[in-house]
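Subject: Structure handover

Dear colleague,

Here is the structure for your files. My notes on it follow below.

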Amino acid sequence: MKNLSLMVLLCLGFLGSGQSHLDRYIEIGLENNEVIKQKNFDINKSLYALKEAQSLFSPNVAFVTNYTVADGGRTIDIPIGDMLNPVYSTLNQITNTNAFPQLQNQSVLINPNNFYDVKLHTTMSLLNYEIIYNKKIKAQQMTLQKIELEIYQRELVKEIKIAYYKYLQSVEGIRIYENALAIVKENQRVNKSLFNNDKINRTAVLRSDNEVTRIEANLETAKNTSKNAGSYFNFLLNQKLDSEIEIDENMELPTELIAENTGNREELKQLGQAKEINENVYQLTKSNWFPKLSGFADLGLQDFDFKVDKSSRYYFAGLSLEWNIFSGNKNKYKLKQVDEDSKKINSQIDNVKQQLLLQFEVSQNNLKSALEQYESDKKQKETAKKYNGDVTKLYKEGMAIYIELLDAQNQVVNTQLNANISLYNSWIAFAELERANATFNFNK
């Protein structure tokens, strides 16, 4: 209850106006990211593959033409002379004429010579379970790629948020050091004035000079750190590294702990989709034992010597049935392989569930610890500020030495830095918890 009360006190208004710049940057990052564009290309490719699979149910019509020239080879002997010449001879004797001539036996080439065939050839699958399951698998593969895209998007959102918080942390660090530099420079001026008036010895002046040099070096380091943080943030947004970054003011931490939601993580959906694909692969493999029925129809012209008349027109249609009776147990062993894949996926699902739950618990505990640390650092900052005010008064009244004043001022700077670090570490911990729980809403 103490931790929860602490979080509520610290965390009013997370969804307020303080998120506007960050939300806009997240939209820019999701829109500009090249990996997301590439994954969208893959999704579009899968969509076309699905449409291709659907088209296998439609008729296929092709224009086919053949022209053949042949000579030699096998022939068909037709004994037309042997069959008709005796009859014709008898008829000539009866009629006392030569009206019925003698015929020669014929030998016809099997391969047609000077023959053309022009047709529209139509085929259509009427019953084919392979096509049915292939279509289902293509659709599931497209869904799988969409899930992979969502996983990457969530990871990118987390990285953008963390980079943004680190940049804000660095900017605040610069401000703290700039304020500290102004204070130590004022100390330097005062100490030199007191030394010139023989009020203090040279030690205080030298120490104040050293403090100015130290703070200036720390300030320069803080500026470089901020520059690097800004460059990395712009890199994630795929924009110029030196682009100006707008800062959200008065950001407040989230109001409540997040309820565990790891069952809806895309990683589990991904494995669930892989399991469904594997089940359809199993059915696809089994379908090899089922008959395949298809129909065909030809509508065209064929004749010798390029003649075209009523007798040249024709149609030819039929059905084709194919049924695999025996394949040497090939499909049986394929099914066993698919069974092993199914067992492997089930094991992965159980393992990933535990991993995601562990990730959530660790992230939630890290957030609690970060918030506790921030509360402690904030109290120390307030205490150091009051202590510095008291020592400053005593120093001005000559009742405290410069070392005491310097110690009090260093405490102020250090506690401000610690509070700044712990504040944005809390934001970073929240971003990691949000990722672990998949609670970021892409549709807001």
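Accessible areas here come from the Shrake-Rupley method with a 1.4 Å probe, and for residues only the protein chains shown count as cover. On that basis the accessible surface of the chain comes to about 27100 Å², and carbon and sulfur atoms hold 53% of it.

This is a predicted model, in which local features need pLDDT of at least 70 and side-chain atom pairs count only at pLDDT 80 or more, while totals for chains, interfaces and linings use all residues. Residues are numbered from 1 along each chain as its sequence is written, and side-chain values use heavy atoms, with hydrogens and water left out.

Overall form. The chain has 9 helices and 6 strands (DSSP runs, H or I of at least four residues for helices and E of at least two for strands, numbered from the N terminus). Its radius of gyration, taken over C-alpha atoms, is 44 Å, well over the 22 Å that the globule rule gives for 444 residues, so the chain is more spread out than a compact globule. That rule is 2.2 Å times the number of residues to the power 0.38. The C-alpha trace spans about 165 × 45 × 35 Å along its principal axes.

Burial. Of the 444 residues, 35% are buried (under 20% relative accessible area, 1.4 Å probe, protein chains only).

Helix 9. A438 follows helix 9 with a positive phi, near 55 degrees.

Regards

Technical notes:
Buried < 20%, exposed > 50% of the residue type's maximum accessible area, 1.4 Å probe, protein only.
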